[in-house]
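Please walk me through this structure, starting with how its chains meet.

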Amino acid sequence: MRVLLVEDEVRLAENLAAAMRDGPGFAVDCAADGLTGDEMAGYRCYDLIVLDLMLPLLDGLALLRRLRTRRDTTPVLILTAKDGKAVIVELLNAGADDYLAKPFDLGELIARAKALIRRGKGAAHPTLTALDLEVNTLEQSVHRNGVAVDLSPTEYRILEYLIHHPRRIFSKRELLEHLYDYNWEHHSNVIEAHVSNLRRKLEAAAPGAEPVIETMRGRGYRLSLETAV
Amino acid sequence: MKGVGKSIAFRLIVAVLAVELASSLLVAVLSLGYERHIHFSSFDAVLRGHADSVLGAVQDADDVSDNVMLDKADVHVPDEDIYEVYDERERLLGRSANWPTAEARGLAAATPAQLAAEASDATSRLKIDGQHYRLILRHGTRIVDPGEPGGGTKHQITVLYGAPTERVWHAIDSAVAFYAAGSILLLAITGPLIAWLLHRGLLPLRQLAALAARISANDWQFDPPETARTTAELAPLTQALESALARLESAFVQQRTFVSDAAHELKTSVAVIKSSLQLLSLRPRTAAEWQAGLARCVADAERLEELVGKMLTLARVENGAANAAGSAMAGDIGTCLSRTASELDSVAALRGVRIVVDAPSMTIHVPIAAEDCSLLVSNLLLNALEHSPSGSTVWVGLEAKPDASPASVEFIVKDRGEGIDPAALPHIFDRFYRGDPSRTRSTGGAGLGLAIVKAIVDHASGSIHLASEPGKGTTATIRLPLCAQSAVEIAADSVASSV
């Protein structure tokens, strides 16, 4: 999952980015002001936007309104040091999905971030299941037919991304965009290598079963669940 | 009623009633005098008439000599009146039946001889049996046998005629009583009437008070009615209230903005520290990671400390403006500048910037506390150093202008930095304002340095001006008034050096 963090306080941004990379393994991009944040959000490759309210150049609320005006449905989590119900009501009415008051708890932030991403992709429960596959997003563990599958962080992230929308085809580019932040080089063959490793590990967990991840040549990958039935 | 003695309306009513009471007393006294005069004049006329009719009753006596006598049957006067008639030989011709005895008349009674000597119409008073009488003296001439040769015998008749004054006094009393009763009735009517009129008249004042009472820290709405604005007595009060409220509101809004900004900054700083600590405990760390993490936490805490320190400084400088206005403070900006510049040399060297000071070596006193003086200089210098690229120069100039009006000193700090965006220039002195968002957070500026500078300069009734060309640098020009003593000394110095 890829998260855009718009926060002008450099140290806070560093800490939040580190926590989201370390914990749930999100790819995190940081923007230090509202205009940069707006521009980056315009690429539409984020699964969540964490937005500070008091920002230079363009404040958080205005940025949020811009997003919603151009029909960007990315979940938005607001960080605010402002108190008062009126502010919160205004934020939620402007299209924010959730908010956290500073100083907040990192654990809570990560939990809310995960919940928002989950909801944004139409899932209610942190454990995602697709037939014989079970992905626990809290423990970041994967089971197939009850057998634990040991995945590398990147492999897990690819699977987590795919399982949110079974049967949908994800292009390599989309996977790249949603799994890596700007600090990584975008090489599509990196994805290919990870997908092939993932496929191999999943097949090892259930020998003889149909391959779970299909490669649609020239189009991308998908979780091919109907063939397994 | 509580505080009735302090009520203006009450005092006005009392004053009006007192004046009215005094004037009605005066009216009573005057009317008493006037009525007395009028009534006694007519009473005297009546007395004279009666006395003359008594005189008319003096006739020839039937004796041989040319004597006269009083024919009582001819006397038609009220029964209660008294009279006595004498001739020129002091012979009693007759008196009324109720003429008092000598004892009743008292010792003051005059003898007929004395009476004859007195002028006609002279009046006197007499008290008989507790009744007051007014007596009038009439002299008259009665000629017996005027047809005889030689013109007959002339008799000088003296009539002493008196009547009781009780009725006159009664008339006077009732007239005065009428006036007095009228006045008291008037007083009784005016009291409540004035109270009612005052109550009505003071209505705009009460409305104003009710409006003013509604004002609170959350609701500054104050719309005085048009009557309050146009009434001569209320207009100054209304204006004073309005302007005081406007000043209070702006001060209050400023304070509230500051508190909210400060809360935001503090919360953000706490959020940084908290997140730094939680990040460390997110997963198992090595000793080296712990150490690095703790070092970051300490650095974050130090930034919080610096922020709090600056906020307190700003509060102190701004409060100082309110508390110690006009108190004797004289910092020496000349010494301050050279000391601060040498203190900051190491900071400048670290950034590869050179500080050039162009200042006269003399003491220049400005009305700023010494502590704030160095705060002013160091904040400006640090700001310039922060925005200076390596290898550039920060130029600092100090020039006393004792001949300017008012005598002032000009303090200029010039850097060759990236300059300030013209859009940001008007906000540069705002608290917590950061001209360059992408940079200043990382350099640790809390956005309070220039606000502190502005507060100090404002407090000293000085002025500060920033001129900036993006890409070329910024020039800060501060003009501060000189302390009177210093202005004289510097003026003397410049004269001495020019000679």
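How many salt bridges does the rule find across the interface of chain A and chain B? The rule finds three, a salt bridge being a side-chain nitrogen of Lys or Arg within 4 Å of a carboxyl oxygen of Asp or Glu. One salt bridge joins the side chains of Arg11(A) and Asp300(B), at 2.8 Å from N to O.

This is a predicted model, in which local features need pLDDT of at least 70 and side-chain atom pairs count only at pLDDT 80 or more, while totals for chains, interfaces and linings use all residues. Residues are numbered from 1 along each chain as its sequence is written, chains are lettered from A in the order in which they are written, and side-chain values use heavy atoms, without hydrogens and water.

Between them, chain A and chain B bury about 2100 Å², counted as the accessible area (1.4 Å probe) that the two parts lose on being put together, summed over both. Carbon and sulfur atoms carry 59% of that area. On the side of chain A, Glu9(A), Arg11(A) and Pro103(A) lose the most area to chain B, together 26% of what that side buries.

In terms of contact (heavy atoms within 4.5 Å), 21 residues of chain A touch 21 residues of chain B.

Chain A itself holds eight helices and 11 strands, taken as DSSP runs (helices H or I, at least four residues; strands E, at least two) and numbered from the N terminus. Of its 229 residues, 54% are buried, meaning under 20% relative accessible area with a 1.4 Å probe, protein chains only.

Terms used:
Buried means under 20% relative accessible area, exposed over 50%, partly exposed in between (1.4 Å probe, protein chains only).
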